[in-house]
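Thanks for coming. I will walk through a few parts of one chain, and I will keep it brief.

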Amino acid sequence: MATCDSCGTLLEMVRTGDSVEHRCPDCDPGSATETSYEGAVDADVEAAGVRSGDAPAGAGRFFPFEDTRPGQARFLSDVRDTLKSGDVLVAQVPTGVGKTAGVLSPALEVAARSGSTVFFLTSKQSQHKVAVETLSLTEQVSGTDIVVSDMISKKAMCPRPESEQLGARAFGEFCSKAMAQGTCDYYETDEESVFRELARDIHHVEDAVELSEREHVCPYKALTEVARVADVVVLDYNHFFSDLVTTTMDRFQMDLSDAILVVDEAHNLPDRIRSHLTWRLTPGLLGEASDEARTHGAHPLARFLDRLADLVQRHDGQEEQKLEPEALLDPIDELLEKAFRLAQPDLHELLDELHDVAEVVRKEEAVSACGEVTEFLERWPGKRDLDEDAVLRMWEPEATAFTFKVLDAGRLAGPILSQVQGAVLMSGTLYPMGMYAGILGVPNDRARLERYQNPFPEENRKVAIDPGVSSKATERGPQMYRRIASTIQDVAKATPGNVAAFFPSYKMMSNVETKLGRSSRRRLVEQRSFDKEERESLVNRLERADGNALMLGVQGGSLSEGYDFEADGENLLKSVLVVGVPYAPPTTEVESLQSFFDERFGDGKGWQYGYLAPAIQRTLQAAGRAVRAAHHEAFVGLLDRRFSQRQIQSWLPPDVNPHVEQDLPAAAERFFS
Ligand code: SF4
């Protein structure tokens, strides 16, 4: 599993437009898992005001605001009932309902009564801040001490210079060795005083790290101590929805049955879990494993690993394809014969040898490449308890790897959600809730599915479908690109502010861009090669464009999902145009996922769950860039006649409510006038 070189967090594979990227959910604010919470506390305060007297009726003693918002009172009450009865709430909670306070207040109530701990799981560091600020406000207003441990990865918190100099794996080894040998001064320093301060006052992780560093204490050690007595622990998904869960629970000295889980932006969870349940055999990993074997005197094993690395490397240039187990097992047999000659082991004996080397390596280092090769080769042939439809073996050219993937996210999430005291999975786009509950393996007898009212006034937003265009492959061509370009320009003319258009691929974006005529609007275009700084620079230029910019980007990309286009409380985008239905290209993984869903949930579900729903998710995310607060006004154009088809409309949350408009620019003009 690939990890971030900078912070060690598991990387996720994100499909942006027509390409696939590996991104770190912690380091890259433009990752597809960036969410819409920036400024949420301010928005809450602005809309409702912090209360000075009693909480609104039914909101509970931890609710920090004067009033509840539309939809929020029911959300609070559902969270409370669900957690009290030990169930799992799968909730579509539109932006603006006030999810963070809405979920934390009743969760704290239930936890206080049952003596359990609330785990607020987020995929982004920026969301940590929102949760921590909400909890600080809650503590002030309720007058109750709340102990919070806000944690990110060990590497990202480590004050030692090596944490920046070393890659994730090397840092893990360095840290384990330093702890075991007692050579880390920070770890050896008594953390008691820092622990007391962190347990007394709520600190954001940055402040906790600063305090620990000042006192020469390991922040990870201090925050782990705090987590053991905390009311709320703020963490990344990975600590629960991965094989780290046992370690996490051991470290915090608790059982899953003591945990109340809140999973924020839960629509990302199935992809995050599938990314986690992916193992790759690459020439680089095999090279490292060979070095380990040679260092520990296992020369035939080292020879075998070198040859296997050559074999993987020789596949470079081949197209992506699904494989049967034999595609790798047969050549492995031949390589074993060549490397071990007379003493040729079978696969089980090979795994034993690899395992032995890994055990020796792990006595000195945190991770072992031989261990990772063992994990891959153990999985590749398949397991009796794992349905063949639920796995994918493939050659993955982008990673130069043989890849083994578990497609069934519920296999990991289901048992965890069955064991915790209660859980809330929430997101503004977690729709349809039943599909997410099924994919994540939420036990039927514990699932509660709810959708909440959109609190934004309908008159402030218009969603319109343009039936005159389509991104369908059979309709693409210069004429269609010209028509789309002309619609974008005319909507821009009718819009008193910035406009964004999001495309299904970089290629289509470029084709349409060449057809755009001259305009006084500043054109800002997302590039496939953009890194974090370049994306931020583009957003800054949009902010400085004085409402006179046209921004072009791709759906499923950083701009269409990762940023809240808001400045000084106002929305930076007055019109957002979603060009085409962003169906994913029919890759090996997409097709395998569809077959798995057909098999698991019934014929036809594969297309809906594996193809249609992700496209709708991307559409909603892109469209959602326009309106971030109740007073924002925005026009959203869906530029594809297929959006008016019943099969698509029935998958849109009811509050989207799009209307077909023969003349989209005229509709925009009417809306803004
Ligand atoms: S023990 Fe703490 S301070 Fe020391 S290297 Fe590990 S994370 Fe860094």
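I start with strand 17, where Ala549, Met551 and Gly553 point one way, Leu550, Leu552 and Val554 point the other way, and all are buried. Buried means under 20% relative accessible area, exposed means over 50%, and partly exposed is in between, with a 1.4 Å probe and protein chains only. Strands here are DSSP runs of E with at least two residues, helices are runs of H or I with at least four, and both are numbered from the N terminus. Six of the six residues of strand 17 are buried, so the strand is largely enclosed by the rest of the structure.

Before I go on, the source of all this. This is a predicted model, in which local features need pLDDT of at least 70 and side-chain atom pairs count only at pLDDT 80 or more, while totals for chains, interfaces and linings use all residues. Residues are numbered from 1 along each chain as its sequence is written, and side-chain values use heavy atoms, with hydrogens and water left out.

Back to the strand and its neighbours. Strands of a sheet pair through backbone hydrogen bonds, either parallel or antiparallel. For pairing, DSSP has to find at least two bridges between two strands.

Strand 16 is joined to strand 17, residues 549-554, by four bridges, and the two run parallel. Arg522 stands opposite Ala549, and Val525 has Leu552 as its bridge partner. With strand 15, residues 498-503, strand 17 forms five bridges, again in the parallel sense. There, Leu552 is the bridge partner of Ala501.

Next, some backbone details. Most residues other than glycine have a negative phi, and most peptide bonds are trans. Asp546 has a positive phi, near 60 degrees. This residue is in the loop between helix 23, residues 532-543, and strand 17, and Asp546 is exposed, at 75% relative accessible area. Asn657 also has a positive phi, of about 45 degrees, and is not a glycine. Asn657 lies in the loop between helix 27, residues 646-649, and strand 22, and is partly exposed at 37%.

There is a cis peptide bond between Tyr431 and Pro432, with omega about -5 degrees. Pro432 is in the loop between strand 12, residues 422-427, and helix 20, residues 433-439. Strand 12 also holds Ser427, which is buried at 0% relative accessibility. The C-alpha atoms of Ser427 and Thr95 are 8.3 Å apart, although 332 residues separate the two along the chain.

Last, the surface. Which elements give two or more residues to the negative patch? First, the patch itself: residues gathered there include Glu324, Asp346 and Glu359. A patch takes residues with over 30% relative accessible area and no salt bridge, and joins like charges within 9 Å, or nonpolar side chains (Val, Leu, Ile, Met, Phe, Trp, Tyr) within 5 Å. A salt bridge is a side-chain nitrogen of Lys or Arg within 4 Å of a carboxyl oxygen of Asp or Glu. The elements in question are helix 16, residues 326-340, and helix 17, residues 347-364. Helix 16 gives the most, with five residues. Asp346 sits in the loop between these two helices and is partly exposed at 38%.

How values were computed: Areas by Shrake-Rupley, 256 points an atom, 1.4 Å probe, with all protein chains shown as cover. Lys, Arg positive; Asp, Glu negative; His and termini not counted. Charge placed at Lys NZ, Arg CZ, Asp CG, Glu CD.
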